[in-house]
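Thanks for making the time this morning. I would like to walk through one model with you, going from the whole chain down to single residues, so please have the viewer open.

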Amino acid sequence: MRSSRTGGTLRSCRPPDDDRGQVPFPCCVEPFPGVRRGPCGPRSSHRLAERLRSQRLRPAAASLLTDPSGSPSSRAILWGGDRARSAHDSRAVPAARPRGGRLDRRLLVEGRRLPGPVAGLPGDVRAGLPAQPPEQPEPFSTVLADLERVVLPGVTHWQHPGFFGYFPANTSGPSVLGDLVSAGLGVQGMSWVTSPAATELEQHVMDWFADLLGLPASFRSTAAGGGVVQDSSSGANLVALLAALHRTSTGATVRHGVEPDRATVYVSAETHSSMEKAARIAGLGSESVRMVEVDGDLAMRPAALAARLERDVARGYTPVLVCATVGTTSTTAIDPLAELGPICQKYGVWLHVDAAYAGVSGIVPELRELQAGVEWADSYTTDAHKWLLTGFDASLFWVADRAALTGALSILPEYLRNAATDAGAVVDLRDWQIPLGRRFRALKLWFVLRWYGAEGLRAHIRSHVAMAQQLAAWAEADERFDVVAPTRSPSSACARAGPERWTPTSRP
Ligand SMILES: *Cc1c(COP(=O)(O)O)cnc(C)c1O
């Protein structure tokens, strides 16, 4: 935990006399004062690359604007995600303070410790480790010394405010502490009886999040559905498919397995690869996966879905699941749930919404229209570990009808039987996931929610959106950048910097 993370903006969400400022790092992110909220437009007088150069932005920051993975490339995705955290770091880099340019200042990172992939050759880390496992106990100080010597040089600093690779994967102080408490308690929450608090806190927190994100009433544990924390959205996509197979086959898959020659799954070319992986794991195989065409915004075309469903049904296939995405991985495109929903209902096909990255934006009421039509969903996943200040892993997954999920996954051997389960009085979350065992992940979600409050989380999302819009406006107004994909999701800007037009300085 680096001292540069000691946020100074906590007071924007908490009373000044609050003692919470003592927690080591981040806190509520303030929306940047003065950052224009409106849609991006060419009116912006800023010229991004010029500003970067004229203000002597360090190469680290300049190159991350060119390629988030850290290597020079002509393609740029300028994410406005967790980089917002560098807002906190403005105090940490006073020497490099540029004149004006709020975003530039926030993008400034310590040039000493570059974000992105670390230099090194494959095998470097293993070469620093002994060939044989330790026979004798060792003092912890030598273990920590080796951590410093062998491990840390081979670590990519995902939590560095200047790390722009992939999706944001931001953790926070309260999340770390939640995981620490979970590790210390060492609870295995597979069944209600193995630790009632693990199950009940999780159910409660998931109901809270369903409310906060504006999800359908059917997803509440008090209705026919319910939420559960999965290890990843990939896992959530798989269990959604298993539940859909169970429902479509009216339970036959549990006894006879799947019918890979009949079952079909519908995605678009922009759908995350984990859905096809789920089809393979479920035994359907990649050929069961139908690729529905996308429109100019890279969103799934409802008419194309309807046509494929009609054709497949006519040819004797059984459509099982449609996976719609809110915030695709390549460009954060958004599939039109409100139009896809009625089509799915007409064909009796399960609608799964993969909102892994962008779903948490629903905590901000004015962003909910991005997910309009979510009430059609049979299941929904969003990652608190991507954009909601919670450390990996914490995928929030809901189903509208929990019976389909538990019908697919529940098995009750003698050694798991207990009075509470037998009486049907409790929920056993092992029946909602692939593994039996489960960590107490609800703790970190609870800590994060308590610490920031819903208002703090909303401020966090809003500030990222404001930054992304500012960045997009600058890129749009600069002839050296081309905006390469229209983005409906407000937190990202996809632009290309032509190498012939602007080449970032190489790293020191
Ligand atoms: C990141 C992502 C996934 C995979 O998420 P994990 O939680 O890492 O498995 C799936 N779908 C989408 C749309 C994503 O952005």
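This is a predicted model: local features need pLDDT of at least 70, side-chain atom pairs count only at pLDDT 80 or more; totals for chains, interfaces and linings use all residues.

Of the 508 residues of the protein chain, 49% count as buried, where buried means that 20 or more other C-beta atoms lie within 10 Å of a residue's own, exposed means 12 or fewer, partly exposed is anything in between, and the C-beta atoms are placed from the backbone. Residues are numbered from 1 along each chain as its sequence is written.

Among contacts between residues at least 6 apart in sequence, 74% join residues at least 24 apart, a contact being two C-beta atoms, placed from the backbone, within 7 Å.

Let me turn to the sheet. Its 7 strands form an open, mixed arrangement in the order S2-S8-S7-S6-S5-S3-S4, and two strands are said to pair if DSSP finds at least two bridges between them. Strand S2 (226-230) and strand S4 (289-292) stand at the edges with a single partner strand each, so one side of each is left without a neighbour in the sheet. Neighbouring strands are turned by 20° against each other on average, direction ignored. Helix H7, residues 196-212, packs on this sheet, touching S2 and strand S8 (395-399), and its direction makes about 110° with that of S2; here axes are lines fitted to C-alpha atoms, for helices over the stretch in contact, and angles run from 0 to 180 degrees between N-to-C directions.

S2 runs antiparallel to S8, joined by 5 bridges, and Gly-227 has Trp-398 as its bridge partner in S8.

Elsewhere in the sheet, strand S3 (residues 263-268) pairs with strand S5 (residues 318-325) in the parallel sense over 4 bridges, and Ala-263 is bridged to Thr-318 of S5. Ser-268 also belongs to S3, and it is buried, with 25 other C-beta atoms within 10 Å. Leaving aside neighbours within four places in sequence, Ser-268 is in contact with Met-291, Val-292, Val-294, Met-300 and Asp-335.

Next, helix H14, residues 402-409, whose buried residues are Arg-402, Ala-404, Leu-405 and Ala-408. Seen down the axis of H14, these fall within an arc of 165°, so they line one face of the helix, the arc being that of the directions from the helix axis to the C-beta atoms. What covers them includes S2, helix H8 (233-248), helix H9 (252-256) and S8.

Finally, the ligand. Of the 13 residues around it, Ser-232, Ser-233, Ser-234, His-272 and Ala-356 come nearest, with near meaning that the C-beta atom, placed from the backbone, lies within 6 Å.

Note on methods. Helices (H or I, at least four residues) and strands (E, at least two) are DSSP runs, numbered from the N terminus.
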